[in-house]
Amino acid sequence: MSALDILIILLRIAFGAFVPLSFVAVLVWMERRGAAFFQDRAGPNRCNVYGIRAAGLIQNIADAIKLIFKEDVVPGHITYKFYFILAPMLVFITALLCFAVIPFADALVIGDREYIMQAVPMDIGILWFLAIVGFGVYGIILAGWSSHNKYGVLGGLRAAAQVISYEIPMGLALVSLLAVYGTVDLSAMAQYQGQLLFGFIPAWGFVLQPLGVIIFIVAAFAETNRTPFDLAEGESEIVAGYHVEYSSMKFALFFMGEYVAMFVSSALIVTLYFGSYQIPWLSTETLVAYARPVVIIIMIGLPVIGWLFGEWIKKNNRTHYYRPDDPRSRETTIYISLLWSLVAILELILLCYVIFAAGGVADRILVVLLQIGSFLLKTFLMCFVYVWVRWTLPRFRYDQLQKIGWEKMLPLALLNIFITGAIIVSFN
Amino acid sequence: MGIKVRVVERKGRTFLEQLYLVEVAKGMAVTLGHFFRNILDNSRLYVRHYPEVKPEITPRWRGRHRLTRHDDGTVKCVACFMCQTNCPSHCIMIEAGERHDEKSEKMPVRFDIDLLECIYCGYCVEACPMDAIRMDTGIFSVTSDSRESMVIGLEQLLETPGGFAESDYKKGGG
């Protein structure tokens, strides 16, 4: 094992562990500010460090400090403290482990070696995901039960019943998808989606499985306990459900686990149905072959995007009432200068690449970086869909939830398998 | 005279509505419209930037109490106990004393209002025969960090100025 091997293994593991974690901050921010904008409010925008509010991201630091310094209560009536403490860890760790098998870029070819861009390079992909994600609900059930609280138990029960009902349509939607791709390896699925259908449509999962994608997304919402399926913590009926007895960082672990699960299931939806890391019409080989023109297009596009973003900041980052010596205009100047220095640095790096490094390994690394960017952008948009749905749809009633799961999604998923099978058999 | 019968149309029974997805898409289009409207121009948010921009208070608003004075500066209150008797939350405590300014026989020597007990119903203002107690200060945010300071006495009540012009108050509250 060479030094390069070890470096790449470390980079992959770092990516798999830290990207979901840092996305928690982004997702909490997106949830709160997004919710506010959906409801014509402003959201948390007052927290600042020396006047820098970073669009409300500083609020996350305040929240974290608050949660860390709160008293960590283990109520006296709890009999099994071990399970009580184990439950939030289980929720968080299972959510984080799911991300390990999701590829975030095409295999990196350096010399004669190929490095698969997954935190854990395994070819059982989707099976790993199903196994681990099913474990996640154990944490919720355990939390509800060990809290020794009727609301907790009700929340845990609901979570269990819901996950059991929705794992079936989810699994069946995956069956038809596996029939299309002919593999369980997520990397192979991602590579499959780099092809073109009839020569001009990207062969992404949602084109091949239009019914399957709807079933899978709905089931994934239920699986992550997000609105409209967040009955396990329906605050109007059962207070906060399974985490009613938790406080401080133990609660924060549930909270973070929920957001990591949301990120991971977005990543999985993107991987299975929205072309994974593929950039539409630009497969890995095309990108490597035309690396130089692509970089030049990016170099032209960057200042334009920077300018638009800067104009948006200037327009919106000001006080909407009279205020002498507006501190927000000072903040705006800092943002604008940061933005343009970032653009300048990127331009410089790309220029160095074009002049000195183009061709060979540098092209491969560039393509991997572009694909990581594409993957993260798609996942980010899918997370936005999660937030968007949460602030649009009301929560289902419990019987409606089960009815949709068993009477609508299950037959639809079976029908989908039937149609997919018929098409595959008749075309081969 | 027959009973008016209005038949309410039952919604949500057609196939498209039962399919649910179409309606979800419609709802999501509405919320996304709001999102983009607000993110592209955040001056269009329906919010008041509260601590900096205060809401407009009308003269009819029942704010914190005050005691009024005659034009010559003497206290209007005659310690008749009307407000204390009427108060549903028993937050007014009056102690009457001898009066020597020829206006009346009695005046309050102590007039405490416990703002933590007060429910701001305005019965004291209604009951007062002398128009001595009013709630027209326009103070809507009554906060403190100790219980003791939430009981305000005679001096404080007399010191607090009215928030509105006399004519506006007469027009609004009557």
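# Two chains and how they meet

Start where the chains touch: 14 residues of chain A are in contact with 19 residues of chain B. Keep in mind that this is a predicted model. On the chain A side, the elements that give two or more residues to this surface are α1 and α12, the latter covering residues 291-316. Sorted by class, that side of chain A has eight nonpolar, three polar and three charged residues.

Now take chain A as a whole. Chain A has 15 helices and four strands. Along the principal axes, the C-alpha atoms of chain A fill a box of roughly 75 × 70 × 45 Å. Of its 428 residues, 38% count as buried. Contacts reach across the sequence too. Take the contacts in chain A with a separation of 6 or more: residues 24 or more positions apart account for 77% of them.

Chain B reads otherwise. Chain B holds six helices and five strands. Along the sequence they follow the pattern α-α-β-α-β-β-α-β-β-α-α. The radius of gyration of chain B is 26 Å, whereas a compact globule of 174 residues would have one near 16 Å. The box filled by the C-alpha atoms of chain B is roughly 85 × 55 × 35 Å, again along the principal axes. Of the 174 residues in chain B, 17% count as buried. Among contacts in chain B between residues at least 6 apart in sequence, 71% join residues at least 24 apart.

Next, look at how helices pack inside chain A. Two packed helices are described by the angle between their axes and the distance between the axes. Begin with α1 of chain A, residues 3-38, which also gives residues to the side touching chain B. Helix α1(A) packs against α14(A), residues 361-390, at an angle of about 40°, with the axes 10 Å apart. That angle makes α1(A) oblique to α14(A). The crossing of these two helices, α1(A) and α14(A), is right-handed. From α1(A) come A:Leu27, A:Met30, A:Glu31 and A:Gly34; they meet A:Cys383, A:Phe384 and A:Val387 of α14(A). The residues of this contact divide into five nonpolar, one polar and one charged.

A second pair is α8(A) and α10(A), where α10(A) spans residues 248-273. Their axes come within 10 Å and cross at roughly 165°. Angles over 145 degrees count as roughly antiparallel, and α8(A) is therefore roughly antiparallel to α10(A). The crossing of α8(A) and α10(A) is right-handed. On the α8(A) side, the contact is made by A:Val213, A:Phe216, A:Ile217, A:Ala220 and A:Glu223. On the α10(A) side stand A:Ser265, A:Ile269, A:Leu272 and A:Tyr273. By class, the contact of α8(A) with α10(A) has seven nonpolar, one polar and one charged residues.

A:Asn225 is not a glycine, yet its phi is positive, about 55°. Is A:Asn225 buried or exposed? A residue counts as buried with 20 or more other C-beta atoms within 10 Å. A:Asn225 has 25 such neighbours, so A:Asn225 is buried.

B:Ala79 has a positive phi of about 55°, although B:Ala79 is not a glycine. B:Ala79 lies in the loop between β1 (66-67) and α3 (82-86) of chain B. With 22 other C-beta atoms within 10 Å, B:Ala79 is buried.

Finish in chain A with A:Asn416, found in α15(A), residues 398-427. A:Asn416 counts as buried because 24 C-beta neighbours lie inside 10 Å. What does A:Asn416 touch, not counting residues up to four places away in sequence? The partners are A:Ala173, A:Ser176, A:Leu211, A:Gly212 and A:Ile215. A:Leu11 lies elsewhere: A:Asn416 and A:Leu11 are 405 residues apart along the chain, and their C-alpha atoms are separated by 39 Å.

Terms used:
Residues are numbered from 1 along each chain as its sequence is written. Chains are lettered from A and ligands numbered from 1 in the order in which they are written. This is a predicted model: local features need pLDDT of at least 70, side-chain atom pairs count only at pLDDT 80 or more; totals for chains, interfaces and linings use all residues. Axes are lines fitted to C-alpha atoms, for helices over the stretch in contact, and angles run from 0 to 180 degrees between N-to-C directions. Angles under 35 degrees count as roughly parallel, over 145 as roughly antiparallel, 65 to 115 as roughly perpendicular and the rest as oblique. A crossing is left-handed if the near helix is turned anticlockwise from the far one by less than a right angle, and right-handed if clockwise. Two residues are in contact if their C-beta atoms, placed from the backbone, lie within 7 Å. Ala, Val, Leu, Ile, Met, Phe, Trp, Tyr, Cys and Pro count as nonpolar, Asp, Glu, Lys and Arg as charged, and the others, Gly among them, as polar. A residue is buried if 20 or more other C-beta atoms lie within 10 Å of its own, exposed if 12 or fewer, and partly exposed in between; C-beta atoms are placed from the backbone. The radius of gyration is taken over C-alpha atoms; the globule rule is 2.2 Å times the number of residues to the power 0.38.
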